[in-house]
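Q: Hey, can you walk me through this structure? I'd like to start with the overall make-up and then zoom in.

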Amino acid sequence: MIEARDVSVSIGTKKIISDVDFEVKPGELAAIVGPNGSGKTTFLKALSGELAYAGRVTMNGRDLAAMKAWEAASVRAVLPQATALSFPFTVREIVKLGLSGGRTGVLAGEEEGLPERALARVDLEGFAGRFYQELSGGEQQRVQLARVLCQVWAPVLQGTPRYLFLDEPVSSLDIKHQLIIMNLARDFAARGGGVIAILHDLNLTAMFADRIFVMHRGRLAAAGSPQEVLSDELISRVFECRLKVGVLPAAGTPFVLPQSAGL
Amino acid sequence: MALDSAAGLFGMRRSLAPEGDRSVRAKFAILVLAAFLAATVLFSLASGASDASAFAVVRDWLFPSFSATDALSLRDRVIVYDIRLPRVVMGVLIGAALAVSGAVMQGLFRNPLADPGLVGVSAGASLGAVSVIVLGATVLAPLTMVLGTFTLPLAAFAGGLATTLVLYRISTRQGRTSVATMLLAGIALAAMAMAFTGVLIFMADDRQLRDLTFWSLGSLAGATWQKIGAVAPIIIVALAAMPFLARGLNALALGEATANHLGIPVQRLKYVAIVAVAAAVGASVAVSGGIGFVGIVVPHLLRLLIGPDNRYLLPASALLGASMLLLADAVSRTIVAPAELPIGIVTATVGAPFFLWILLRRRGILDL
């Protein structure tokens, strides 16, 4: 389990996020939603050990502050919003960097085939020999996802809880690939991994998330299942525009529609 | 590619490597480069004003018993072992040091244009070296007493280290290195170092001026076993540290935060890289003056050939850097024979247009 208690982050004298409580268990997909600038990425950076924070974060029971880089890397993998490269790596070389920590629980014999398998999962079969810099933004994002997958995939298949931190994993993808990636994240959770994803699409969130954490102005505005969290009043207030929540008849999943009057 | 089919001939079949995996090709390239370096070394030992031949040298190594009768004359022996061999050893050490330093620095700054010569590290090292040459007998006398022959390379190392640290501090903010800032800060730092160097040269007496002129032209001509003894330990330790940086530098290509997420202790990696580069460049500058562009040309060519994976790029750079410097030295010795052209002129004549070519090919590079 990944657990955060009273986490605050200040940059200079400005408090970016205040007293956020959060948890994700193995088997869960937790979505973080909220307007631009509400502190979602900052919070994820604190969880990744990238930003100094006040409060307490534990990963599988261990205090994050006491973990070395490689220890944290063996428990969770992080997908950043975008990754620019200055050297001509091939797609396969990038994906294989996911295994560069050396403590990824991958058996020696399996290591060679893993990049291809990860690439297949993100619908990039046959891309291994292409140059990363020549791909489109959405393709690059999926290459990075394959890399991140390599880092924590093997232990999850062996039953050890591992986590994916995904910062806007689908924001540059077409709808087909949004669904492929969200299903991949769901599958990762179903096999005993935990996923934290920052998402902007509330409908995808309602469809795939077990739990939603709504952030607003650096604080947690609500947390719970999609049914509990997604209400007209709450999301209209948080996103500062008029939104209407309905329920899909068969599945009982909520959906969100903007009102034509807008603001 | 020709390289792949050649690798196939030697049983390193391409089918062993999945698509996008250049490791087999890289390993084969390293073998070829090692053979090429061996040939270059022999060629350098054999060529020169005297007709002492490489063949005779090899025969002397293999069958020393023949020497007494017809192999090497005493004159040839002196030429090969006391003049050419130290020069070749020095060329190999410095060529390897400069090329690998360039590659490591490019990895560290995440930019293919970073080069110790371009961004002022060599100028800082020069300042350190000139300080010792000019002030070694007076102000810095206590230092010279303690450190002996190591004073010059260590001072150059200190100068290079100080410049690299300042440069990194200025051009990197929140883990991102701005290329434009890096190059401009490098120009400023080099100008500053050269100004101080100028003051020292102004203070120098006649004998020191002769030393300085000889040294600052950039040449392997002054190579002696004694000088090698002073710089080889520093260069070898620095070169030995660099392979351990390879995995970390690969991850660093994705950015500092991502390297850290992959489990790389980024802060430690950066400090080790900076110290190793400063040591290798400092020691090189101390004995051979400023030899430019090796650090930018060699890694760039190799990236085109085997890709940017530092696990292969660093050793390949060491081998090709050593060969290139020996060839440049051969040119510098023969092109205006019996006089000698400073080797720095040879490397700059080839390297500067090459650098411009990189800029033309990748104009977007400065916008990074």
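This is a predicted model: local features need pLDDT of at least 70, side-chain atom pairs count only at pLDDT 80 or more; totals for chains, interfaces and linings use all residues.

Q: What share of the contacts in chain B with a separation of 6 or more comes from residues 24 or more positions apart?

A: That share is 77%.

Q: Let's zoom in on helices. At what angle do α4 and α13 of chain B pack?

A: The angle is about 145°, and the axes of the two helices are 9 Å apart. In chain B, α4 covers residues 74-109 and α13 covers residues 266-288. Their crossing is left-handed.

Q: Which residues make that contact?

A: Quite a list! On the α4(B) side they include Met90(B), Ile94(B), Ala97(B) and Leu98(B). From α13(B), among them are Lys270(B), Ala273(B), Ala276(B) and Val277(B). Sorted by class, the contact of α4(B) with α13(B) has 15 nonpolar, three polar and one charged residues.

Q: Staying in chain B, where is Thr334(B)?

A: Thr334(B) is in helix α15 of chain B, which spans residues 310-334.

Q: OK, switching to where the chains touch. How many residues does each chain put into the contact?

A: Chain B puts in 27 residues and chain A puts in 28 residues. On the chain B side, the elements that give two or more residues are α11 (246-252) and α12 (256-261).

Q: Which element gives the most on that side?

A: That's α12(B), with four residues. By class, the side of chain B that touches chain A has 11 nonpolar, nine polar and seven charged residues.

Q: Now chain A. Why is strand β3 of chain A called largely enclosed?

A: Because five of the five residues of β3(A), residues 29-33, are buried, the strand is largely enclosed by the rest of the structure. Both faces are covered, with Leu29(A), Ala31(A) and Val33(A) buried on one side and Ala30(A) and Ile32(A) buried on the other.

Q: What does β3(A) pair with?

A: One partner is strand β8 of chain A (residues 194-198), in the parallel sense over four bridges. There, Ala30(A) stands opposite Ile196(A). Strand β9 of chain A (residues 211-216) is also joined to β3(A) by four bridges, and these two run parallel. In that pairing, the bridge partner of Ile32(A) is Phe213(A) in β9(A).

Q: Last one: how do helices α5 and α6 of chain A cross?

A: The axes of α5(A), residues 114-121, and α6(A), residues 137-157, come within 9 Å and cross at roughly 125°. That angle makes α5(A) oblique to α6(A). The crossing is right-handed.

Q: Who's in that contact?

A: Leu114(A), Pro115(A), Ala118(A), Leu119(A) and Arg121(A) come from α5(A), and Ala146(A), Leu149(A), Cys150(A) and Trp153(A) come from α6(A). The residues of this contact divide into eight nonpolar, no polar and one charged.

Conventions
Residues are numbered from 1 along each chain as its sequence is written. Chains are lettered from A and ligands numbered from 1 in the order in which they are written. Axes are lines fitted to C-alpha atoms, for helices over the stretch in contact, and angles run from 0 to 180 degrees between N-to-C directions. Angles under 35 degrees count as roughly parallel, over 145 as roughly antiparallel, 65 to 115 as roughly perpendicular and the rest as oblique. A crossing is left-handed if the near helix is turned anticlockwise from the far one by less than a right angle, and right-handed if clockwise. Two residues are in contact if their C-beta atoms, placed from the backbone, lie within 7 Å. Ala, Val, Leu, Ile, Met, Phe, Trp, Tyr, Cys and Pro count as nonpolar, Asp, Glu, Lys and Arg as charged, and the others, Gly among them, as polar. A residue is buried if 20 or more other C-beta atoms lie within 10 Å of its own, exposed if 12 or fewer, and partly exposed in between; C-beta atoms are placed from the backbone. Two strands pair if DSSP finds at least two bridges between them.
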